[in-house]
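Please find below a colleague's note on the structure shown here. It takes up a few points in turn.

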Amino acid sequence: MRQRSQTIGTLGRAPARQSKSPPLQPLPSAPEPPPPEDGGVRRWLRGAFLDNLGLKFLSIVLAVTVFLLVNDNKDREITVRVGVLYVLPEDRVLVSERIDDIRVTLRGPWRRLRNFDERELSRISVDLRNAPTGEIAFTSDMIQAPSGLAIAQISPRSMRVAFDKRTEKTVDVAPVVAGSPQHGYVVLEIKAAPAAVRVRGAESLLAALSSVRTREVSLEGRTDGFAAPTVLVPPDGIELLGTDQVQVQVRINEELVTRKMPDVPVTAIGDGIDLTKWTIAPAHVEITLTGALLAVEKSRDMMRPVVKVVPTDRSGRDAEVTIEGLPPGVGVRISPERVKLAPVAAPPKPAPAAPVRAPAPPVPAPAPTP
């Protein structure tokens, strides 16, 4: 048998391929479980919060809107303050403690309370012209509640009223000053113009009132008198009849003093004289200065007591003590006014010394006889 040619035939047909059986595959074994993933809880939380973020935000907005719509009409309460006005009698004075405002609790829908303005409540007017002494009550009918709101509570609910007779009286004006003038100056007089004013108030208060004080006027550093406008400050419950404007007039002058200076040394002066040859007794005097404080203080450093020695002085004499360097306007008194001026005694001359004689020569002893 001829063997089939291994080359391409005339018809261009390729030689038939030899079929080969596929290799045997091993049987599949049971799948192994996947290893646990790291950070699985973290990825789950991230997905729970960040996946579909738009839908989740929209859900929150819808939930809050529904909550507000459901709770917007629930009744709530707020507390506000309401002022109190009093209509007082003309012949009597309210002497009990006055309540200037009360606390009012309003109840209503939260939507209405949220837009509430305290100015919607007008002040309470309390007519005391015919009220007797005792308690008066604050009631809800005194307050006109705003539309949509109700008054739930008022505090305090009452106040005590007591009256006294209204009288008038003339009292003095008491100027009030603060500070001190400059050193060396003193306040001589303080007065007010007008010196008295008319006041009105409760009879019990006016009985103990003798003057009305002014606002403080400063004297700090002043050296001259002046007049300053100021106002009166009456006590609580006292009414001024007329203007509260007054003038405080202040007189300021130099302070006059008297100063004593004990044991001031006296100095001898003179031209062409040896002052060391003169003595003064007593050597110290007491000086009293009188005048303006600044001038006296200046004099203490500048002055000196002296006695004058003249060439004709040969022996002791009484000399008048005078003051040099004393500024004008300062009075002086010296004690004692005169001192004893005496020359220094010359030291005694030493006695002449006795002449010294030479010693006599010694006498020779007689010779012995044989």
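Predicted model: local features only at pLDDT ≥ 70, side-chain atom pairs only at ≥ 80, totals over all residues.

The points below cover ring contacts, one serine and a set of paired strands.

1. Aromatic pairs. How many aromatic pairs does a search of the whole structure find? The count is zero.

2. Charges over rings. Two arginines are worth checking here. Arg 76 has its charged end over the ring of Trp 110, at 5.4 Å from the ring centre. For Arg 222 the ring is that of Phe 226, and the charged end sits over it at 3.8 Å from the centre.

3. Ser 299. This residue belongs to helix H5, which spans residues 293-302. Is Ser 299 buried or exposed? It counts as buried because its relative accessibility is 0%, and the cut-off for that class is under 20%. With neighbours within four places in sequence left aside, Ser 299 is in contact with Leu 289, Leu 326, Pro 327 and Val 330.

4. Strands E12 and E14. Strand E12 (residues 211-214) runs antiparallel to strand E14 (residues 226-233), and two bridges join them. Thr 214 has Leu 232 of E14 as its bridge partner.

5. Strands E14 and E16. E14 also pairs with strand E16 (residues 245-254), in the antiparallel sense and over six bridges. Here Val 231 has Gln 245 of E16 as its bridge partner.

Key: Residues numbered from 1 in each chain as written. Heavy atoms only, no water. Phe/Tyr/Trp six-rings, centres within 6.5 Å; stacked < 30°, edge-to-face > 60°. Lys NZ or Arg CZ within 6 Å of the ring centre and 35° of its normal. Helix = DSSP H or I, 4+ residues; strand = E, 2+ residues; numbered from the N terminus. Buried < 20%, exposed > 50% of the residue type's maximum accessible area, 1.4 Å probe, protein only. Contact = heavy atoms within 4.5 Å. Pairing = 2+ DSSP bridges.
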